[in-house]
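Welcome, and thanks for taking a look at this chain with us. Please have the sequence and the model open side by side as you read the short report below.

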Amino acid sequence: MYLIIAAAAAFALLVWVGRQSRLGKLKPGPWIRQKRALIAVGAVAVAMAGVICVARGQYILASILVSIAFAMAGGARYRSEPRPAGAWTHAEIEAYRTLGLEVGADRRAIVKAWKQRMKAAHPDQGGSDALAAKLNAARDVLLKKR
């Protein structure tokens, strides 16, 4: 029972730290930058608790703990980090300028800006083929379509 409480407390702490750092309420430091490593270590600890539960014959609890460990490990590995400043290619910067966005805008903003500009630039609406092609190319570069 103590293992469950400890695992839940560690998971809740990691969730809280992640949310606080994402909201910008925590000052950046080496321990926040190592969040993925902390989550991975926590996942290993929860998995070990699951193995201990199997050894004791508590199979349902073990399956729950191992499932939590896999979820934590998968989230730690595949969660995307924002790009640091200066990591944008020239093509991406030009694509943001073409769509009239700030560098680093999210997917929703890219699609919204593309739709707004495409309404006026579409050849069926009196726009030019070249401008429509440029807007489509900018959208494809930013959304990584090839």
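The model you are viewing is a predicted one. The buried residues of H6 are Ile 110, Ala 113, Trp 114, Met 118 and Ala 121. Viewed down the helix axis, these buried residues stay within an arc of 130°, so they line one face of H6.

As for its length, H6 has 15 residues and reaches 21 Å from its first C-alpha to its last, close to the 21 Å expected at 1.5 Å a residue.

## The overall fold

Stepping back, the chain contains seven helices and zero strands, and its pattern along the sequence reads α-α-α-α-α-α-α. Of its 146 residues, 26% count as buried. Among contacts in the chain with a separation of 6 or more, 44% come from residues 24 or more positions apart.

## Helix H7

H7 runs over residues 129-142. At 1.5 Å a residue, its 14 residues should span 20 Å, and the end C-alpha atoms are 20 Å apart, which agrees. Buried in H7 are Ala 132, Leu 135, Ala 138, Arg 139 and Leu 142. They cover an arc of only 125° around the axis, which puts them on the same side of H7.

On the other side of H7, you will find Asp 129 and Ala 130 exposed. The buried residues of H7 pack against helix H5 (90-99) and helix H6 (107-121). Just after H7, Lys 144 takes a positive phi of about 60°.

Which residues have the most contacts inside the largest nonpolar core? They are Leu 99, Ile 110, Trp 114, Met 118, Leu 135 and Leu 142, in a core of 13 residues. H5, H6 and H7 are the elements that give two or more residues to this core, and H6 gives the most, with five residues. In general, nonpolar side chains tend to be buried together in soluble globular proteins.

Not counting residues up to four places away in sequence, Leu 99 touches Ile 110, Ala 113, Trp 114, Arg 117, Leu 135, Ala 138, Arg 139 and Leu 142. There is also a second, separate core of 12 residues, with Ile 39, Cys 53, Leu 61 and Ala 69 among them.

Is Arg 139 buried or exposed? Arg 139, a residue of helix H7, is buried, because its relative accessible area is 16%, below the 20% cut-off for that class. The charged end of Arg 139 sits over the ring of Trp 114, 4.3 Å from its centre. Leaving aside neighbours within four places in sequence, Arg 139 is in contact with Leu 99 and Trp 114. Aromatic pairs, by contrast, come to a count of zero.

## A look at Val 54

Val 54 belongs to helix H3, which covers residues 35-56. With a relative accessible area of 41%, Val 54 is partly exposed. Val 54 touches Tyr 59 and Ala 62, again not counting residues up to four places away in sequence.

Conventions: Residues numbered from 1 in each chain as written. Predicted model: local features only at pLDDT ≥ 70, side-chain atom pairs only at ≥ 80, totals over all residues. Heavy atoms only, no water. Helix = DSSP H or I, 4+ residues; strand = E, 2+ residues; numbered from the N terminus. Expected span 1.5 Å × (residues − 1). Buried < 20%, exposed > 50% of the residue type's maximum accessible area, 1.4 Å probe, protein only. Arc of directions from axis to C-beta. Contact = heavy atoms within 4.5 Å. Core = buried A, V, L, I, M, F, W, Y, C linked by side-chain atoms within 4.5 Å. Phe/Tyr/Trp six-rings, centres within 6.5 Å; stacked < 30°, edge-to-face > 60°. Lys NZ or Arg CZ within 6 Å of the ring centre and 35° of its normal.
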